[in-house]
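Please look over the sequence and the fold before reading on.

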Amino acid sequence: MAQSVPRTPTQSAAQYSQQAEKLSLATSNDDPSETSSRSTAVEAKFITPLDPVIVLADGNRLPAVPPAEAAKLNELKNDIEGYNHSTRRLSSQSTESRIAADDAVPGCTAHSESKWLDESSLKEPSARLAAAVVPSRTHPLFPPLPLYGPPSVLRNLQCRALRFSSCILSLAFLGVIVLGSAFTSIPLMFQHIGLRLTFRNPDARRPFHQEEVRRKSARRQAEREWTRQRKRRRSQSEEGSKELGQLKDDFRPTEGGPDRLMCDVGYYARRVGLDVEEFKVQTEDGFIITLWHVFNPTEYVPCSADARGHKSPNVFIDEEWKAHSYQRKQYTDGSRRYPVLLVHGLLQSAGAYCTNDDDSLAFYLCKAGYDVWLGNNRCGFEPKHTTLDYYDPRMWAWNIRQMGVMDLPALISRVLLETDFEKLGLICHSQGTTQTFVALAKEQRPDLGNKISVFCALAPAVYAGPLIGKMYFKFMRVISPAMFRIFFGIHAFIPFMMTMHRLLPGTLYGAMGYRVFSFLFNWTDARWERDLRDRMFQFAPVYVSAESMRWWLGRECFARHKCILATREEGKAEDAEDEEAEQQREEMEEAAGRGGQEEKERMAWYNDQAPPFALWIAGSDDLVDGRRLLRRFQRGREPYVRLVHAKVIEEYEHLDVLWAMDSIEKVGREVRDVIWKTASEEARKICRIPRGFEEEGMDLVVVK
């Protein structure tokens, strides 16, 4: 093999300048001012070997670029600085050839240790990452993101053309979905009319009909009482509080009256005697995301607006941990609240945890005695970045892996910093579980598991359910990546949905939202409190990137492989193994001995840093297959995973784990107990015992 010719310092400097401009915020030709020099790319920081971000001269950052491009920038920088090249380097050519090799063999396994950068060196903060290569068995599931580069005349024209085409075509696609949901509702409408004409109540068939009637009556009475008391300029009576379903009169509502259907978590918190303060968090690639803190206003004073602003993009910095947090000063040992972070699902915000009054999981856990934080992923309701604007395609070049390896650590780091704890309980629903399962994988950010005392996965989205085969999802899988971008653009995914969210009245938008999402994801409101249904859809949808939806539904990733961390070929091998008789499987494992164990460890997704897992699976969920994930754990394919709780709720659909009228009984109370029982002894000594917790109420069971 011919060896590469060493570059002269002059050649390295010229090539570095070209590569830096290629990855900068703006070109010097477009903006020769001092601002341009501050926005020039300086080096690449590898968050993981597959996730480099670009550091600018002013300290700000740009989102992920292809690893080969980032490695080339660092290599040239090291050339200029006289770095010793006895360390292996990653050139663009070697990276492309390795990626091509991995793509040619779906389901490729990890290469031998000699081919990869020493894993321990990646953990050193000062480690040189120019030599980082792509060490991922799961790489076929995470193809490289596009590289757009700084603005230029040609790029701007291309972006405008794609915005124009996607505006028309995505609206046509949305129109088909809306019409489809309308047509499928016609039989239900006639059935409803028929029951009314025969003097029968169609709602009487709902499983919680009598409870719905009781709650609706109590809510209306409480609303009238609130209005009367407000006119008299007096606080709400104790009787009114009980009618609202308060656990204790410590939680006196400060908002009341008829529901105004607002997209405001604080408003619904105040209706149940709580409140919310908003924090801004900066991710390691420069996105500004929103973190909501739910608190009891009778015992906690919110911190200042400046203190709630975003801080450094660095996470888990030891120096910051030495100082006591603002919140720590408000509680004494023995009365502190153990922190829990809740992360939402696809097209939702964390407000999904706050729509059911006292039966909302977030409010229930707060009143039980936990310190509740609600994490929102990048863009959300307000796309914001330290350097990029809405129309820059680099603002939208991300998918589920960036949400896992950057958004989730940023949220966890900020919660631990504010609460002065070493670990927290993590609760996720649907896509929130996906980004967590991805982030904790041994080839992504496994050290994140050291910050989590337990991971509670509600309707875990790891394996695809039968819904992925529906016609409109197949359409997205059939079209090529280039055609996908023509249909849905390279910016936000169908942003017109957000326009409708802003303009339509809450009642109309809630009704349309339910019909459309019910048609798309095949769920019903049978177990929800229908009087609150319009409220539930005020917190969805949010801005997501077209690249993110392409990861879910395009031809290359999840829709093809039907799993987030295993290729289609590996999935078929698992299915074949699961078809074997249990006795035969046990005999094979016994005969395999240590060799079989080593094979399991090699093919496992997680290492010994994984936190305890707890699963709540919706048995009637067509969107994802939670049973298959449970089977993976039970069959010993993850030898390092400690599964402390697993429950299949047969009658539940995908959103019932959040919104069913009995979700607190079947999910919330168990989540409360699991978090407390998995917390460390040191944490339990300084924290209050959760209200309603019974020491012998539920044992943790390690599912073998």
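This is a predicted model: local features need pLDDT of at least 70, side-chain atom pairs count only at pLDDT 80 or more; totals for chains, interfaces and linings use all residues.

Q: How many salt bridges does the count come to?
A: A salt bridge here needs a side-chain nitrogen of Lys or Arg within 4 Å of a carboxyl oxygen of Asp or Glu. By this rule the count is 48.

Q: Arg219 forms a salt bridge with which residue?
A: The closest N and O atoms of the pair are 2.8 Å apart. Arg219 lies in helix α7 and its partner in the loop between α17 and α18, so the bridge ties together parts 310 residues apart in sequence. Both residues are buried. The partner is Glu529.

Q: Which residue meets Arg527 in a salt bridge?
A: Arg527 is in the loop between α17 and α18, and the partner is in the loop between α25 and α26, 135 residues apart. Both side chains are buried. The N to O distance is 3.3 Å, and the partner is Asp662.

Q: Glu556 forms a salt bridge with Arg550; is Arg550 buried or exposed?
A: The closest N and O atoms of this pair are 2.2 Å apart. Glu556 counts as partly exposed because its relative accessibility is 26%. Buried means under 20% relative accessible area. Arg550 has 9% relative accessibility, so Arg550 counts as buried.

Q: How many bridges join strand β4 to strand β5?
A: Strand β4 covers residues 275-282, and seven of its eight residues are buried. Strand β5 covers residues 288-295 and runs antiparallel to β4. Asp275 stands opposite Phe295 in β5. The number of bridges joining the two strands is eight.

Q: In the hairpin of β4 and β5, which residue takes a positive phi near 90°?
A: The hairpin has five residues between the strands. The residue with the positive phi is Gly286.

Technical notes:
Residues are numbered from 1 along each chain as its sequence is written. Side-chain values use heavy atoms; hydrogens and water are left out. Helices (H or I, at least four residues) and strands (E, at least two) are DSSP runs, numbered from the N terminus. Buried means under 20% relative accessible area, exposed over 50%, partly exposed in between (1.4 Å probe, protein chains only). Two strands pair if DSSP finds at least two bridges between them.
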